[in-house]
Structures are given as structure tokens and as C-alpha cells.
Amino acid sequence: MKLADISIRRPVLASVMVGVLAVFGLWAYPRIGVDLFPDVEFPVVVITAIYPGADPATMESKVIHKLEEEVSTINGIKLLRSTSMENVGMVIIQFELERRADLAVQDVRDKVAGALQLLPPDLEPPVVQRFDVNAAPIMALAVSGKLSPREITKVADDQIKRRLQTISGVGGVEILGGQEREFHVWIDPQRLESYGLAAGDVLQALAAQNVEIPGGRLDVGSRELTVKTLGQVHSAAELSQIIITAAMGTPVRIGDVAGVEDGEEERRSHSSVNGTAAVGLVVRKQSGANTVEVAAAVRKALTAITPLLPPGVEVSIPTDNSTFISNTINDVQFDLLYGAILAVLIIFLFLYDWRATLISALALPVSVIATFAFIKAMGFTFNMMTMLALSLSIGILIDDAIVVIENIHRHLRSGKPPMKAAADATAEIGLAVMATTASILAVFVPVATMQGMVGRFFKQFGLTVAFAVSVSLFVAFTLTPMMSARLLTVEAHKGRLGHWVDARLATVDRFYRQALSWALAHRGLTVLIATVMFVSSLGLGAVVPKEFMVAEDRSQFLVKLELPAGTGLASTEHYAEGAAEELRAIPGVLSTFVTVGGGSQNEVNRADIQVNTVGRRERTYTQLEAMGYARGLFVNRPNVTVAVEPVNAMGGGGGFRAATVQYVILGDDYDALNRVAQSLIQHLRGLGGYVDLDTTFRGGKPELAVSIDRDRAADLGVPVASIAMTLRSLIAGDKATELTTGGDRFDVRVQLQDSFMQRPEDILGLKVRSTSGPLVHLANVIAVSPGAGPAKIERQDRQRQVTVFANLSGKALGTAITEIDDWAAQNLPADLTSKWSGMGDIMTDSFKNLFASLILAVIMVFLILAAQFESVLYPLTIMLSLPLSLVGAMGGLAATRAPLGIMAMIGVILLMGLVTKNAILLVDYTNALREKGMGTVEALLAAGPVRLRPILMTTAAMIFGMVPVALGLSEGGETRAPMAVAVIGGLLTSTLLTLLVVPVAYAISDSMVVALRRRPRQTTI
């Protein structure tokens, strides 16, 4: 090996080459950001349209249908969903991952702009924005005090929100539970009628007589004057003096027909902390911003802001996601360090030579530190994926150095001087070490390039491991032989413990030689035993539950409440606060954070209660047990739908749900969809294991239908539009103008006094102006009737849809998918279709991509081995160790009751690269001995015991390096544990079986080759 020879001759050069990597890594370390997930871009675009006064059916037909028709022609759409609610409609467009998000947003904006002429003229301009998974909420603040809601809201908006929005990395701050100042014009319909006026006259007067229009410039001599018309009013008193009309000789003012109030906007949201009402501030970070840094900057800003707040106003932080992230990353770093210490101790136990241990152990810090530079250069962060990559690769990074140094030890014992022993040993083992490292790279490159949503997250994982392993190979060929040539001695003083370990290893050597000799003598039986074990592992694979990902214990969860459609904010608030009080009585609960309404959907019949508990080490129950107990508190309560779910790590939003099971049924008949959905819910309830069962169908919201007698309206000269606008202005309330006072602008809203709208039939007493001038009673042209309509209409792929939601208790997602698919195959009507959404869709898609990556990894490993051995037969022999690893992987998952999820599957793929290492070492040395003239069996019996110790050392180092991850004791460790369990189990069985099965397969294949060569060729005459 030329690189090793240069390093041995020029130790300073070798040290400098490795030192450069370490220097860049140390420089990069403090500059790397910290986050929970990699910064991944998903092309999802959300259109939000607000149509004041529109019911869900009107929103669907007048707005959503037209928007869907326009945007559906855009190329690359994977999923098109929409939701129509009262006043609000949303269209969610999910593009194929290959589409650039910024271009997708621009395409949608262009289509929406083209559709504006088809939309109602009084629709607010639709808002098009990208749903950014990385712009998730990171903190929630609560501002409380003895001030009025309006004053608290002003403090939160002016002194806190504005300051926080200037912080680098803060993407937005949303206020919940606030009431901003608003001026109200409460119309008295009787007084309005006495003056012969209509509501439209009031609106027109306010809009026309509260203006400030620039008048241009006026040159007066040498001076230029700006002309400004001061037509604005600045108080409620001035507002009441605005003249509506003076047609009868006496001016009629706003105050003559309405009461003017300097008040607050209608309360449509609520928030509280531990039962104390507060104004909530939800802080979102910008895409790509570092969560921990942004949260730290927000806390620092609050420290500076708090002394400046009015007396009695307090700011608390009920939610801070950065705490979990920091704890998770710190715990993973501890796992990494602990695993490294265990791996080094294993090496010392085998070698019992501090020099050899030091030389091999140096590969760990150098490889990890150098990888910091790679993480920084690639724009990655310290997140769950990169830190997991470093944790799992700890045992791998030391492998190459172990193999090299063990071989150098063996050459030293043969009598060679240190320099020559280092050079010869590295040259002898070089190709095998390169092949083993190349096999690992061949596995992780497919992982890094995996398709699908999960592939985006695992890109950083695969590339980080690949780079770290490459650095470890470089160290093994530079620093390891250079230091070995100068530090290693033929015999080190081992002491009593060292000699005891040597004696035990010698016993293992003898036992292995005997076992190998027996296996080579009973080849058929050996192969049969291995085959039976492999088939058994396939059976275990069918038993192991299939899950997408194990839920983390974040010491917080959500209780979602939904009261019947039409429930007012006050009733929802009262119920949610009572529920929160019950939840706070659970031992270990630190706080509750209640939010009602808010957001673009503004559903005041829904409430979220975030429950924060003490850390997992401080309580005697798990988060899942706490969620089950909370679910039991509200079971069978009438008129409320309850769901208890983990806090969405990605922040939710964008129309996406957090329920584990999301099964979509599509068709055109909403009633038929609901019947099928209810049938499925009853079936799932009977199976058991399904909780929080619900659907998106929301019927029965009370409404008042206003029917118009078009003929009568035409005779009286009353346009339908005038009737609709009058009703909306008086009942819903219209923003007529804005009033400027104290440097701020506030809305002026015109609305009917509550006392004149106590009964539905009161609408008939209102008047509207006809086209000819006189006022017309609405009773002459309309009729009212109570009814009920859908509170929400959901669509997908331009069809109406109903989604069945459920969370799981004691049941794996894979089992749920099978059960629901079986039910659908037998019970779903032919005119309806169905598909999976949410985790079910992601899991199915991810497993397909993982299986494709597994196949690609196996093919790449085969090609690398074929290139090294210049043979097709030897790679096939070596790759027998791959299926043997499944025995331990499935056994480990079954023994620990860990699910076969996305992490465990990555562990299985990782095994494909790891388990070939042992077989490569064994076959490579067997070939070398055969080239020296040994027979096949003789070479195998000699090579096996020689390679036994490095195989056991590397395997033990990998296993003990992954033990901390497998234990899953750290924050978020439940998610990572199945990967390490699968790897450890696979390494154990593949190592034991490889040491026997691979030599047997080698001998069988060699016998077949010899037999084929001896077969006489047939000749033709």
C-alpha cells in the first residue's frame, strides 16, 4: 500500500494530513446549527380564501370548485385537497418531491391570479403560501395580567410581537385569545327607518366622509405647499357626527341612527395557562433557521422586554420545543461518547496493550471530528439524523484500524522488525479493508439517495456515515501504520488479567477450530441448519409488528376537544377549562396550555389542551400511559369528540392531521360517504385497538335559510344582491372604514344592535332600498326557515371525501392497514374509491423505497466484491452472510418487542454492509493461503482461527458501540433504539454463522468448480 508506505517513512506528513482534517472539524463544530430534523423542503402549497358570510356549500361551489379547476392543470401535482368552512376555504396542493417549491408556489399564484375574474367580487384576495415543515411553531408565550383584554392585546402586539419579529430567524408570531381595539357602529333599525334610511346609506356615508386624500402641490411665490384634505375623524365622538344625509334640510348624523362605541373586536379565540386567561403568542421560525438559536434569542429578548412592560403584566413560556431538541442532541452526544468508551475498552480487553489500544482508538475522535467539517460544508445541522449516524458508526469507525493493527501484531510476532511488519501487514490486509469499507459505502449511498419523503430525511444520515467511514479508512492507512511502526513492541507486559484473557481467547480458538472442522466434515447438515434458521427468521419477520416509527416520550401531549357544530366560543372555553383542570390533577402534570379557535379556520367549537409533564426520568409512567389515562377521563361523554395525540414534531398545519390512521373515502354523494365511514368506524370499534375514532364529516350545523321571492323582488325593484349585502352588513357586520388615533389605525364595523336580532323572524322586519328609492320591508320579498347544513366540506382529487381518523392503542400501524384494506375489499361500494393518507400512505411509500434501496445495496456490494476477487463465485459465497444476519435482526426485534419500522429497516440495510466485513476477511486470507499451495480445507482451517480474533474484536466493538442507542434511555431514544437492536442482533447471528457457514459454502463451491473442470468435454463427429 503506497499510502501506508509513505506514512511509515514520513510520520510528520501523515500526522499533518490527519491533523488538517481534525483542525477543520474543530473549526466547524461551534458553527453547526442544532435542530430536531434536517432542513428538508417539501413542495406543498396552500391557498386560503376568505369569503365573509359564506356557508360551506357556498364556499365550495363559488370559490373552491373554481380554484381547484384552475390549479389542477399544473404539472406535477401528487395530491389536491380542499376544505370548505364557514367564511373560509383552503386548497392544499402537494406536488411531487422533484418539483422545486418556489416554482410550484409561483405556478399556483399565476393560476389563482387568472381565476380572480371567476370568483365572487366581495371575496378577499386569496392568499397563496408555501407550507413549510421547517417553519413550524417552536415556542408559545402567554401574556397575562390585570389589564383589560384590549390592553393586554395591545401590550402583546406592540411591545412583544413587534420586538420578536425583528429577531433573526423568527418567521412569524401569531396572536391567540387577543381582542384588538375596534370601533362599532350599532345600528338601530327603528331609528334608521324613521329617517327613511337603509343600512347601505350608513356604510356609504362612513366610507365617503372619513377620507384623507392628497390634493397635490400649490406654488405660492418661491414656496411649494402640499395640499392635504383633512377629512378623517379620530374618535368615536367625531365618528358619530358624520352626516349621512341632509336631503330634508336637517342633517342626519351617524349618532342619530346608531350607537358608536370605542370597543374591542369580536372575540373568536381564547387561550389560558393553568386556568388563567392569557393572550397567546405562537412563535414560528423561518425555514432553515436554527430552532435552538432562535428560541435562545427569543428568551434573551423577553429578558430585556419584561422590565419595560406595564406593572402586573407577566410573560410565561408554556411551550418551548427547543428544550426537547437540546436534551435529545445532548443525550445522543452522550450515547456517542459512551459507545466510543465501550468500544475502546473492548479493544483493550482483546489486545491488553495500551499502545495498540491508543493507536486504534485514535480513529474514533479523528473520524468524528473530521465529519464535523463535512456536516458544516454540506449545510447540515446537528439533528436526529446526523447525530444518529455518528452514534451508530462509532463501532464501525474503529474497525479498519483494528484489522490493520491486529495484522501488524501478527507480523511482529513472526519476528519482523516494526517498520517492515507495519508495511507488510498493511499491504497484506489493504485490499480486504478497502473492500469492507467500500461495502459499507455501497450500502449508505443508496440510503442517501432514497426516494420519497423519508428519503429526504435520511439523506443526511447516509452521507454522514459514508464520510465518517471514509475518514476512518484514511486513518487506517496513514496514522495507524505510522504509529504502529514506532510504538508497537513484540510483547507487551500483560499481567495476570491479560494472560487470563489470552487463555480464554485461546480456548475460543480451539473450540472454533473444532467446530469449523466438524462443519467442513458435515457440509450438508451445516447448510441445512443455516437454512432452517433463515426460514425461521422469515417467520419471525411475519410476527414482528410493522410500524412507521416508535412514538417519542416528549413529556407533553395534546388533548383535542370538539363540541357540536354551532357551539359558541364561551361554551367551548368553559368546557375546555374544566377539562384542563381535570388534566392538571394527574400526578406529574406541570401545566396546561389551552387554545380555542384562532388560525385561519377560526373554529370556535374546537379546543386544544397541551399537557406538559415532568421529564420521563421523574415519573413512574410513560407518556403513552398518561395519554391513555387522559383518554379515559373523557370516554363516553356526550356531545364532545375527544382525541389524545402526541405533539406533532413538525408543527402540523397546512391542513395535515396528526391521527395515526387516516383512511380517505371518495365519491360524489356526501351522505353515502358518511354511511360508509360510519360503517367502517363500527367495524374498527369491534376489532379493538382503535381509539379516538372520528371522521371529517360534520353535518347538522344549525342554519337559517333565507328564500327570496324573485318575482316579488323584481316587481318591487329590489336586487337579490342588495338583499344579501344588507343581511351580511347588519348580521355579520361590515368593515366600513378605518379610524386613525394615537398613530394606529383601527377598523370601524357596522352591525345591527343585538337587541333587535333575538329571533330568526326579526330578519323580516329589516328594510332594504329599492332601485327606485323607497325602502322595502324584507318580509315582502323573503321567507326564513331553520335548517341544518354541513359545517365543513372536504374534497380530494376534485371529489368530495370523508376521512376516517383513529389513533392506535396496542396495535401496530401495519396491522391496522391490513385490517382496513381487508374490510374495504369486501364492503366498499363500487361507486366509491379509497386511499390511505397521513402515516399510512407515508409508511407504504417508505417501505417500498427502502426495499428498493435494500436491493440496490445488495447489488452494489456484489459488484464491489466481484471487482476485488476477480470472481463471481467468491462474492456469492461471501454474500451468504447477508440472509444469515436477518436471523438475529428479526430475533432481536421480536425479543425486545420492537416494531419493524423505518428505523429498523435502515438497520437491516446497514447490516448488508457490516456483515460482509467478516466474510471478506475470511475469504481473502483463505485465498492468500491457497496461493501459497495449501488445499481448500487446509486453508480454511488455517484462515479461520487466524481471522477469528479480528472478527470477534470488530464485531464486539460495533455491538458495544451501539449498546447505548439500543437501550433507548435518552430523550427520544425510543425512536432510535429499533435500528440498533436490529443491527446488534444481526451482527451476533451473522458473525457466529458466518464463521461456519461461509467456509462450508466456500468448500462446496470450490468442489463444484473442480468437478466441472474434470467433466470430459463432449466431442462431435
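How many bridges pair β6 with strand β15, and in which sense? The answer is six, in the antiparallel sense, with β15 covering residues 279–285. Two strands count as paired if DSSP finds at least two bridges between them.

## Model and confidence

This is a predicted model, in which local features need pLDDT of at least 70 and side-chain atom pairs count only at pLDDT 80 or more, while totals for chains, interfaces and linings use all residues. Residues are numbered from 1 along each chain as its sequence is written, and side-chain values use heavy atoms, with hydrogens and water left out.

The predictor's confidence in each residue, pLDDT, runs from 0 to 100. Its mean over the chain is 84. Of the residues, 95% reach 70 or more. Confidence is lowest in strand β23 (residues 701–708), with a mean of 75. Helix α21 (residues 569–584) has the highest, at 92. Helices (H or I, at least four residues) and strands (E, at least two) are DSSP runs, numbered from the N terminus.

## A sheet of four strands

Strands β6, β15, β5 and β16 form an open sheet, in the order β6-β15-β5-β16. The pairing is antiparallel. β6 (170–176) and β16 (314–320) each have a single partner strand, so one side of each is left without a neighbour in the sheet. Neighbouring strands are turned by 25° against each other on average, direction ignored. Such angles run from 0 to 180 degrees between N-to-C directions, with axes fitted to C-alpha atoms, for helices over the stretch in contact.

## A sheet of six strands

Another open sheet has six strands, in the order β14-β13-β18-β19-β17-β20. Its pairing is antiparallel. Six bridges link strand β17 (residues 556–562) to β20. Val559 has Val644 of β20 as its bridge partner.

Helix α22 (residues 623–633) packs on the sheet and touches β17 and β20. Its direction makes about 175° with that of β20.

## A hairpin and a kinked helix

Strand β8 (residues 214–220) runs antiparallel to strand β9 (residues 223–228), joined by six bridges. Gly216 has Val227 of β9 as its bridge partner. Two residues lie between the strands of this hairpin, where Gly221 takes a positive phi near 65°.

Helix α31 (residues 936–967) has a kink of about 40° at Leu948, shortly before the proline Pro950. The bend at a residue is the angle between axes fitted to the seven residues ending there and the seven starting there. Gly968 follows α31, with a positive phi near 65°.

Technical notes: Contact means heavy atoms within 4.5 Å.
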